[in-house]
Amino acid sequence: MKQLLCVVALLVAHVSYLYAIPSNDRPGTISGTVMDKNLNEPLPYVTVAIKTLSGDIITGGVTDDNGVFKIEKVPEGKSQVSIQFIGYTPYVTEVEISSGSRNIDLGTIYLEENVDSLDEVTVVAERSTIEQKLDRKVVNVGKDLTTAGPTASDIMNNLPSVSVDQQTGALSLRGNQNVRVMVDGKLTNVPVAQLLRQIPSTSIKQIELITNPSAKYNPEGMSGIINIILHKNVNIGFNGNANVGLTYEEQPKFNSSIDMNYRNGKLNFYGNWGHNTSKNENYGHIFRPDENSEQFFEFLDDRTSNLFKVGVDFYLNDTNTISFFTNQNIFEGSTIGDTDILYYDMPSRNQFQFFDSASENQSSQYNFNYKLDLNDEGHNLELEADYNEFTNDEIAKFRFQGASPIGNYNDFVATDRNRLTVNLDYVNPLSETAKLEAGLEARLFESNIDYASTGQTFNSAGALIDTPDTDFEYNRDIYSAYVTYGKSYDKWSFQAGARFETVEVKADTNTVRAFTNDYIQVYPSAYVTYTPTEKNQFQVSYSRRVDRPGLGQVNPIREWSTPLISSFGNTQLEPQFTNSVEANYTRNLEKGSITGGVFYRMIEDEINRAVFVDRTDLNKVILTYDNFSNTSAYGVEVSGNYRPFKWWNFNASFDLYTQTQKGITERLDTTTENPTATDIISETVQVDNTAWNFRMINNFKVTEALTLSAFGFYRGANQNLQFDVDPMYFVNIGARYSLWEGRGTFSVNYNDIFDTMRFAFDGTRPYAQIGEFNWESNTVFVGLSYRFGGGKYRAKSRRNRDDREKDDAGGIF
């Protein structure tokens with residue numbers, strides 16, 4: 001951008017001087033070399049301007065990779081040479097082109113660091129902004145969002161169309177949990193809920209909401225992709241950031257992180273560490289009026305995680321770059337709790353379950369990247385290999401009192417997963433208005449889960465037997481190729497492409513082939529954008545996507561269990577496919593902008609919940625998954641930001657969506673006095689669910705250092721296959737104070753100030769029931785962040801690939 005502005009200015013100045021230079025003047029040449037005074041290294045892309053003595057620009061240029069510049073056609077007479085670069089004190093000198101001196105060599109010019117201007121390079125914006133780009137909505141994370149909480153999970157509910165289940169950590173986009181989460185364009189094997197709780201909010205630069213991804217992206221996730229982009233350091237020398245925070249209501253939650261970067265010459269080293277320790281209380285109850293019974297839940301989660309990243313970028317020359325990094329994620333967690341079931345009319349049936357689980361897991365990622373820049377700007381070839389492995393060991397202890405027919409037992413689960421991804425990408429800017437992209441990719445995924453138990457279970461005949469061991473293996477290999485072509489013409493631009501995939505799926509249970517599924521699919525995508533003026537933009541897009549069953553959805557091993565509910569996967573699940581159409585309009589205002597859009601999805605072979613009565617205990621139910629017939633979803637979204645006054649700005653968003661959900665549910669025939677398995681009634685249920693959300697974040701600038709914020713959220717009543725869910729709402733307030741000349745920030749936030757957050761519901765399937773779940777939402781967060789180091793900004797330092805799925809990073813992942 002700096003080069004472009006410079007060229008435009010120079011062209012305008014040059015035209016104006018065509019009439020000012022006498023025809024008999026003979027122009028001259030000014031040359032030299034620009035160096036960093038402290039590092040004694042050349043500075044590339046430094047702006048060199050030739051001006052009149054009154055300050056008008058005559059001509060100019062920029063230094064090359066060796067810091068050398070040569071400016072020709074400088075008119076005769078005295079002129080001023082101005083050399084400027086961000087983070088350095090400008091250099092100004094006077095020269096004269098004359099008949100005896102037409103080639104002036106200024107020699108080596110040393111620029112010195114300007115300490116006062118360095119903070120401007122890495123400062124984080126006070127307020128968050130939202131941009132509508134060709135294939136995504138980009139949320140630029142400001143200090144207002146990072147104050148909302150210490151982790152990525154805490155700020156997700158503040159984003160348009162995004163919500164996080166505060167109990168389970170499940171993430172959804174436009175009301176759908178079939179969304180893929182990436183960090184700097186890469187998937188990890190870390191479970192999403194765990195991942196979001198481990199990324200410090202202060203490390204996040206942008207969050208991309210890609211609801212209709214192009215063909216170059218993996219087509220997984222019906223509602224799209226959420227890509228979390230972390231801050232990358234572009235400074236020479238040693239630089240870093242440190243953050244600490246504490247959240248408290250009933251239990252403490254502590255987080256800290258440190259990011260460090262050292263760049264000198266052709267090498268760039270970076271390392272990161274993030275730590276999170278938290279305890280969380282959850283409680284709730286479910287009442288069944290038909291039998292006058294009530295379940296009470298109370299759990300305490302204790303989690304500790306550490307994330308490490310070490311990487312290096314090696315700039316061999318101007319056209320070849322090699323990068324390598326490794327992530328190591330270590331997690332320990334435990335949950336203790338109890339579930340009490342009280343039968344008010346028959347206390348002899350009362351049951352009490354005590355639950356105690358502990359798990360340890362580690363995720364390791366190793367990434368290699370080689371990039372070759374070809375002749376033209378933006379013309380490149382890139383090879384990347386990414387290997388990720390995940391191991392988890394869990395032991396769960398179940399203890400019973402009361403009328404439970406099953407004795408105490410322990411469950412042991414060992415999980416091993418690995419994924420290898422290799423991509424080759426090619427980008428060719430065919431012209432200033434056209435671009436071709438193509439690529440190949442292989443994704444090889446393998447998972448093994450071993451389950452053992454000391455307990456007993458009922459067989460199909462209703463007799464107690466020892467619980468059998470289970471060994472579940474799941475493999476999925478995907479080979480794909482994609483091509484996209486984009487072109488701009490006047491006020492129009494378009495992009496079209498397709499991705500071709502062949503998929504092989506195998507699932508074995510106890511070495512017996514339980515399921516196979518091989519298929520070939522084509523995933524097209526297309527975008528058309530019309531920009532009649534700078535203030536107006538229209539866009540229409542289409543994509544086809546797939547939801548391959550997740551590991552938890554196909555795993556036949558019991559996921560979790562209470563005295564009345566057990567959850568299992570279904571190995572026979574097949575993928576669901578989605579065709580999505582979307583239209584958006586963006587209006588740029590004098591003091592802000594507003595974006596409105598509508599979307600429609602046609603879903604094939606929908607994956608949804610199935611609720612069955614447990615044949616071995618008719619008072620229990622089994623939750624699992626199944627494929628259903630085609631269905632649809634549609635909705636509308638409006639978001640915007642506005643600054644009514646210099647001291648007040650706000651972001652607001654509204655989304656409404658309607659989705660037809662289909663599922664299987666079973667229930668007992670309550671007209672039978674002593675029902676048996678033959679009295680189970682099975683039915684396919686269809687629910688037309690309409691839900692809406694509204695959120696608004698306000699920022700009030702009190703002084704240059706002090707800013708206040710207020711955030712409000714309201715989710716309307718909605719339905720799912722089991723429950724009618726009550727409305728949900730909360731209000732947060734916060735304050736931020738700038739310290740140490742802008743290098744530090746002190747934050748305090750009071751969340752859910754009216755203590756209104758809860759998940760309340762009632763339903764009739766498979767039993768009439770009324771319930772509510774609660775968690776620690778009425779919390780206070782206190783945080784402190786500090787930036788250190790004194791490196792100098794360098795435009796051509798690390799490769800910036802934020803807009804790519806395959807992105808190397810200088811953050812936690």
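## A first stop: strand β23

Let's start with Asp450, which is found in strand β23. Asp450 is partly exposed because its relative accessible area is 35%. Here buried means under 20% relative accessible area, exposed means over 50%, and partly exposed lies in between (1.4 Å probe, protein chains only).

Before going on, please note that this is a predicted model, where local features need pLDDT of at least 70, side-chain atom pairs count only at pLDDT 80 or more, and totals for chains, interfaces and linings use all residues. Residues are numbered from 1 along each chain as its sequence is written, and side-chain values use heavy atoms, with hydrogens and water left out.

## A negative patch

Asp450 belongs to a negative surface patch, together with Glu332, Glu360, Glu389, Asp393, Asp416, Glu446, Asp469 and Glu473. Patch members have over 30% relative accessible area and no salt bridge, and like charges are joined within 9 Å. Asp and Glu count as negative, Lys and Arg as positive, while His and the chain ends are not counted. Two strands, β21 (380-402) and β23 (434-453), each supply at least two residues of this patch.

Strand β21 also holds Ala396. Is Ala396 buried or exposed? Ala396 counts as buried, because its relative accessibility is 8%. Ala396 and Asp411 are 15 residues apart in sequence, yet their C-alpha atoms are 5.1 Å apart in space.

## Strands side by side

Now look at β32 (residues 576-589) and β33 (residues 592-604), which pair in the antiparallel sense over 13 bridges. Strands are said to pair if DSSP finds at least two bridges between them. A hairpin of 2 residues leads from β32 to β33, and Ser580 stands opposite Arg601 in β33.

Strand β33 has another antiparallel neighbour, β36 (residues 631-645), joined to β33 by 12 bridges. In this pairing, Gly592 stands opposite Tyr642 in β36. In a regular strand, side chains alternate between the two faces of the sheet.

## Salt bridges

How many salt bridges does a search of the whole structure find? The search finds 17 (each is a side-chain nitrogen of Lys or Arg within 4 Å of a carboxyl oxygen of Asp or Glu). Side chains of opposite charge can pair when their charged atoms come close. In one of these bridges, Glu76 meets Arg102, with the closest N and O atoms 2.6 Å apart. This pair links distant parts of the chain, 26 residues apart: Glu76 sits in the loop between β4 (68-74) and β5 (77-84), and Arg102 in the loop between β6 (91-97) and β7. Glu76 is partly exposed at 32% relative accessibility, whereas Arg102 is buried at 15%.

Another salt bridge joins the side chains of Glu220 and Arg548 (2.6 Å, N to O). The two residues are 328 residues apart, with Glu220 in the loop between β13 (204-210) and β14 (224-230) and Arg548 in the loop between β29 (536-547) and α6 (551-554). Glu220 is buried, at 8%, and Arg548 is buried too, at 4%.

Glu704 and Lys701 form a salt bridge as well, at 3.5 Å, N to O. Glu704 is exposed at 69%, while Lys701 is partly exposed at 38%. Salt bridges that share partners also join Arg180, Glu220, Glu441, Arg443, Arg499, Glu501 and Arg548 into one network.

Key
Helices (H or I, at least four residues) and strands (E, at least two) are DSSP runs, numbered from the N terminus. Patches are made of residues with over 30% relative accessible area and no salt bridge: like charges are joined within 9 Å, nonpolar side chains (Val, Leu, Ile, Met, Phe, Trp, Tyr) within 5 Å. Accessible areas come from the Shrake-Rupley method with a 1.4 Å probe; for residues, only the protein chains shown count as cover. The place of a charge is taken as NZ of Lys, CZ of Arg, CG of Asp or CD of Glu.
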